[in-house]
Amino acid sequence: MASFRFAFSIDEKDENGSTTNETTSQLAEPKTANQNSSQAADQIKSSSAAKQQQLSLVELPPHAISSKLPYNTIQINNDNSLQAIQESKTCQQVDKTHDVITGVYEGGLKVWECCVDLCRYLLNNQRDLLFQDNTVKRSNKDRISVLELGCGHGLPGCLLLKEWAKGKYCNTSNGMQPKCHVLFSDFNEFVLEHVTAHNINMNTAVACPIMTLEQANCTLVAGDWMALSQALLDQSISIDSKFDLILAAETTYTTASAESTAILFARHLSCPFGVGLVANKRYYFGVGGGSDVFRDAISSAGNGTSCENNGMKYVLHVEVVEEVDNGAGNIREILRVEWKRQT
């Protein structure tokens, strides 16, 4: 699996209800998550000393490699599930006393519970979300662009690609299904290489085992969020800088991460019809993040939280659209972010 680096850099600043289905075969190929564990560990350690973070594009591995890896089955509802690569020696090299090491490792090797919440919400609301409220219906677009921010395992993006492959989302105005492209973004390159890319293969390539990124309708980019944002605005990446749908799960766990998430939404959510979904805990005790912090960050993000379209001004609005409270832990929420016309 190869990666390509941009000549662009900046200063660095389970509860999921899954069931396990382990495969017994082991890989002979040299590039597997297990066999590259020491390399991944070295990447984690070296990144702590790095003063610059470059963006990297990551390719999909051959499907034959992904299909032999042990995986967990994540049940989304009674009829739908997703596959997620199991924790391996790659994961075991990370300091197990920390879920996140800020600026070094951002937790992408773990399937977080809010990620599963987001998948369930998408599955239950995807048609209304994409065709009733969003750009496709209102402006007859032939392509939907999606950004999954801080993707880790990338299950929400995988779910969209998997559902899209069924060919059932035709635009009611012209009877054609628009293309769907997902940009998977994570801070750590090794997460995209060892986890996300395999998950894309396992969830979307069943009917097409030999698949390129173009066929998969996705791009995988590793690096700092602000570097990604600048590269999109500068067109260093050949992807439109505005997205019809932005997805994020557990990216608001500190004040700083909530502010960064807010900036990305303000800069890159298509105006006026783009929709963003943030799945997070209401409070992140001890680290300062959560729903209220993100909402405040949106309000204080400056001029980026307003836009104009056809002479009308819009401002970003955040509302809770789903609450998950099992009475035994922290309350989790799905936040919807969209542009509202200013009156």
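Ser260 lies in helix α10; helices (H or I, at least four residues) are DSSP runs, numbered from the N terminus. The structure is a predicted model, in which local features need pLDDT of at least 70 and side-chain atom pairs count only at pLDDT 80 or more, while totals for chains, interfaces and linings use all residues. Residues are numbered from 1 along each chain as its sequence is written, and side-chain values use heavy atoms, with hydrogens and water left out.

With a relative accessible area of 23%, Ser260 is partly exposed; buried means under 20% relative accessible area, exposed over 50%, and partly exposed in between (1.4 Å probe, protein chains only). Leaving aside neighbours within four places in sequence, Ser260 is in contact with Trp225 and Met226, where contact means heavy atoms within 4.5 Å. Trp225 and Ser260 are 35 residues apart in sequence, and their C-alpha atoms are 7.5 Å apart in space.

## Aromatic pairs

A pair of aromatic rings is described by the distance of the centres and the angle of the planes. Rings of Phe, Tyr and Trp (its six-membered ring) pair if their centres lie within 6.5 Å; planes under 30 degrees apart count as stacked, over 60 as edge-to-face and the rest as tilted. The structure holds two such pairs. Phe265 and Phe294 form an edge-to-face pair, because their ring centres are 5.9 Å apart and their planes stand at 75°. This pair links distant parts of the chain: Phe265 belongs to helix α10 (residues 255–268) and Phe294 to helix α11 (residues 291–299), 29 residues apart. Both Phe265 and Phe294 are buried.

The rings of Tyr283 and Phe285 also pair, with centres 5.9 Å apart and planes at 40°, so this pair is tilted. Tyr283 is partly exposed at 41% relative accessible area, and Phe285 counts as exposed at 69% relative accessibility.

## Charge over a ring

The charged end of Lys110 sits over the ring of Trp112, 4.3 Å from its centre. The criterion is NZ of Lys or CZ of Arg within 6 Å of the ring centre and within 35 degrees of the ring normal.

## Nonpolar cores

A nonpolar core is a set of buried Ala, Val, Leu, Ile, Met, Phe, Trp, Tyr and Cys residues joined through side-chain atoms within 4.5 Å. The largest has 41 residues, of which Leu122, Val146, Leu155, Phe184, Leu220, Leu247 and Leu277 touch the most other members. Helix α4 (residues 113–132) supplies the largest share of this core, nine residues. A second, separate core of 33 residues includes Phe243, Ala248, Tyr314 and Leu335.

Beyond its neighbours within four places in sequence, Leu247 is in contact with residues including Leu118, Leu122, Glu148, Pro156 and Leu277.

How values were computed
Helices (H or I, at least four residues) and strands (E, at least two) are DSSP runs, numbered from the N terminus.
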